[in-house]
Amino acid sequence: MSGVKKVTDLAAKAGKAIDWDGMAKVLVSEEARKEFANLRRTFEDINHQLQTKYSQEPQPIDWEYYRKGIGAKVVDMYKEAYDSIEIPKYVDTVTPEYKPKFDALLVELKEAEKASLKESERIEKEIAEMKEMKKKISTMTADEYFEKHPELRKKFDDEIRNDYWGY
């Protein structure tokens, strides 16, 4: 399998492995959604080019055709030069260096995501409580309020007991 074919196969697998919808769900701003859509479109365009344009092996050179039209001596010289070309193999020295750092960042990201979701739940619950309180505040008695906030009842009882009236 050629290097080009390997790259296109890897790009196709990477495209299938990306959870685009899952990532889109965590975006909150409209600008982030637009940038994400642009990134996805660009990725898909490049992936499509890799799958179509660059996945095909180049046609072999028909040296005999050129020998007939140009002459054997010139074509043999070019063929020899062509055959002597060695395309260096790419040796990835970057991935091994950064993979552990990237993996650590992924773990940190997952932890931050969990903490963020937990905090969001707490805030949503607090908002719901505030909305409920807003509805009932005009008809709520002190006992009903202190039932929901026992720490405040203790504070006020201590202040009254100690004859502290806030001035």
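This is a short tour of a predicted model, going from one selection to the next.

Residues are numbered from 1 along each chain as its sequence is written, and side-chain values use heavy atoms, with hydrogens and water left out. Because the model is predicted, local features need pLDDT of at least 70 and side-chain atom pairs count only at pLDDT 80 or more, while totals for chains, interfaces and linings use all residues.

**Stop 1: Arg33**

Select Arg33, which is found in helix 3, residues 30–52. Helices here are DSSP runs (H or I, at least four residues), numbered from the N terminus. Arg33 is partly exposed, with a relative accessible area of 37%; buried means under 20%, exposed over 50%, and partly exposed in between (1.4 Å probe, protein chains only). Now show Leu27 and Val28: leaving aside neighbours within four places in sequence, Arg33 is in contact with both. Contact means heavy atoms within 4.5 Å. The side chain of Arg33 reaches the backbone oxygen of Leu27 at 3.2 Å.

**Stop 2: the nonpolar patch**

Next, select Ile61, Tyr65, Tyr66, Ile70, Val74, Met77, Tyr78, Tyr82, Ile85 and Ile87, which form a nonpolar patch on the surface with about 1100 Å² of accessible area together. Areas come from the Shrake-Rupley method with a 1.4 Å probe. Patch residues have over 30% relative accessible area and no salt bridge, and nonpolar side chains (Val, Leu, Ile, Met, Phe, Trp, Tyr) are joined within 5 Å. Two elements give two or more residues to the patch: helix 4 (63–69) and helix 5 (72–84). The largest share, 4 residues, comes from helix 5. Within helix 5, pick Tyr82, which is partly exposed at 47%.

**Stop 3: salt bridges**

The whole structure has 14 salt bridges. A salt bridge is a side-chain nitrogen of Lys or Arg within 4 Å of a carboxyl oxygen of Asp or Glu.

- Select Arg122 and Glu119, whose side chains meet in a salt bridge at 2.6 Å, N to O. Both lie in helix 6 (residues 94–136), 3 residues apart, about one turn of the helix.
- Move along to Glu132 and Lys136, joined at 3.1 Å, N to O. These two are 4 residues apart in helix 6, so about one helical turn separates them.
- Go to helix 8 (residues 150–161), where Asp158 and Lys154 lie 4 residues apart. The closest N and O atoms of their salt bridge are 3.1 Å apart. Asp158 is partly exposed at 24%, whereas Lys154 is exposed at 55%.

Finish with Asp21, Arg40 and Glu44, which are linked in a network of salt bridges.

How values were computed
A polar contact is a pair of N or O atoms within 3.5 Å; within protein, one must be able to donate a hydrogen and the other to accept it, and residues adjacent in sequence count only if both atoms are side-chain atoms. Patches are made of residues with over 30% relative accessible area and no salt bridge: like charges are joined within 9 Å, nonpolar side chains (Val, Leu, Ile, Met, Phe, Trp, Tyr) within 5 Å.
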